[in-house]
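Dear colleague,

I am passing on the structure below, and I would be glad if you could read the notes that follow it with the model open beside you.

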Amino acid sequence: MIEIVRAPIRVEALIDAVRGDADGAVALFVGTVREHNAGRHVLRLEYQAYDEMALAEMRRLAEATREQFAVSGIAIVHRVGVLEIGEASVAIAVAAAHRGAALDACRHAIDTLKRTVPIWKKESFEGGEVWIEGQAGDGPPDQS
Amino acid sequence: MSVEVRWFASLSETVGRSDERIELAPGSDVSALWAALVARHPALGALGYRPLVACDREYAGWDRALDGVDEVAFLPPVSGG
């Protein structure tokens with residue numbers, strides 16, 4: 001399950017998608033909209049994706065993560081559009097025989113997603129709005 | 001030859017559009033395309049950083065030749081998650 005969605009993310013669906021009877025662990029990461037950032041009171045976030053490329057990068061990430069950590073299943077869902085405080089913007093579920101691999105793979109997947117997948121967020125706060133953009137000038141991200 | 005250019009996030013606001021088509025001399029690379037785009041959108045000249053580049057939806061370097069490439073996207077540093 002690799003998806004970009006505009007509706008609320010149902011995390012149970014990711015767990016169901018990855019878990020198999022040979023698995024003893026499912027690690028789940030859920031990123032949520034925080035009410036404060038850089039000293040500002042955040043009202044909401046608006047996410048925009050380069051959909052076709054983002055999906056391709058998410059598929060590439062899932063495959064690389066599955067191989068590197070020898071986990072059995074991985075699901076990645078990112079939501080776009082306007083999100084309110086507390087809503088889930090991204091969810092990643094990883095199933096494995098044992099918890100160590102599942103947790104390590106899940107951490108790797110979200111850290112890599114935040115560097116490589118072409119999605120951006122615009123923050124609305126009291127008094128204005130601004131695109132939140134990562135570190136500039138690093139050249140193309142590596143594909144690990 | 002011509003390529004479709006796509007803009008995202010703050011860059012789409014800098015140029016005031018999300019996509020456009022541009023004619024280039026055969027053999028042009030991404031750097032030549034960027035120079036043509038800066039001429040068309042002078043605000044890009046004051047950007048202060050070099051965007052990431054994707055050719056046909058894969059990350060590419062600024063020396064990538066554009067022959068055979070249909071779509072080039074200039075990407076601000078990503079901030080998903």
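In what order do the elements of chain A run from the N terminus on? Bearing in mind that this is a predicted model, the order in chain A is β-α-β-β-β-α-β-β-β-α-β-β, and the secondary structure of that chain comes to three helices and nine strands.

Turning to the sheet in chain A, four strands form an open sheet with mixed pairing, and their order across it is E1-E5-E7-E2. Strand E1 (2–5) and strand E2 (25–32) of chain A stand at the edges with a single partner strand each, so one side of each has no neighbour in the sheet. From one strand to the next, the twist averages 10°. For E2(A), the pairing with strand E7 (residues 88–96) of chain A is antiparallel and extends over eight bridges; within these two strands, A:Val26 of chain A stands opposite A:Ala95 in E7(A).

Two helices of chain A lie across strands of this sheet, and their directions may be worth checking in your viewer. Helix H1 (residues 11–18) of chain A lies across E2, strand E5 (73–79) and E7 of chain A, and runs at about 25° to E7(A). Helix H2 (residues 51–69) of chain A, for its part, lies across E1 and E5 of chain A, where its direction makes an angle of about 145° with E1(A).

As for the overall dimensions, the C-alpha trace of chain A spans about 50 × 35 × 25 Å along its principal axes. The radius of gyration of chain A is 16 Å, which agrees with the value near 15 Å that a compact globule of 144 residues would have. Of the 144 residues in chain A, 35% are buried, and among the contacts in chain A with a separation of 6 or more, 75% are between residues 24 or more positions apart.

Finally, there is the contact between the two chains, to which chain A gives 27 residues and chain B gives 19 residues. On the side of chain B that touches chain A, the elements that give two or more residues are helix H1 (9–15), strand E3 (52–55), strand E4 (58–60) and strand E5 (71–75) of chain B. The residues on that side of chain B comprise 12 nonpolar, five polar and two charged.

With kind regards

How values were computed. Residues numbered from 1 in each chain as written. Chains lettered and ligands numbered in written order. Predicted model: local features only at pLDDT ≥ 70, side-chain atom pairs only at ≥ 80, totals over all residues. Contact = placed C-beta atoms within 7 Å. Nonpolar A, V, L, I, M, F, W, Y, C, P; charged D, E, K, R; others polar. Pairing = 2+ DSSP bridges. Axes fitted to C-alpha atoms, helices over the stretch in contact; angles between N-to-C directions. Rg over C-alpha atoms; globule rule 2.2 N^0.38 Å. Buried ≥ 20, exposed ≤ 12 C-beta atoms within 10 Å, placed from the backbone.
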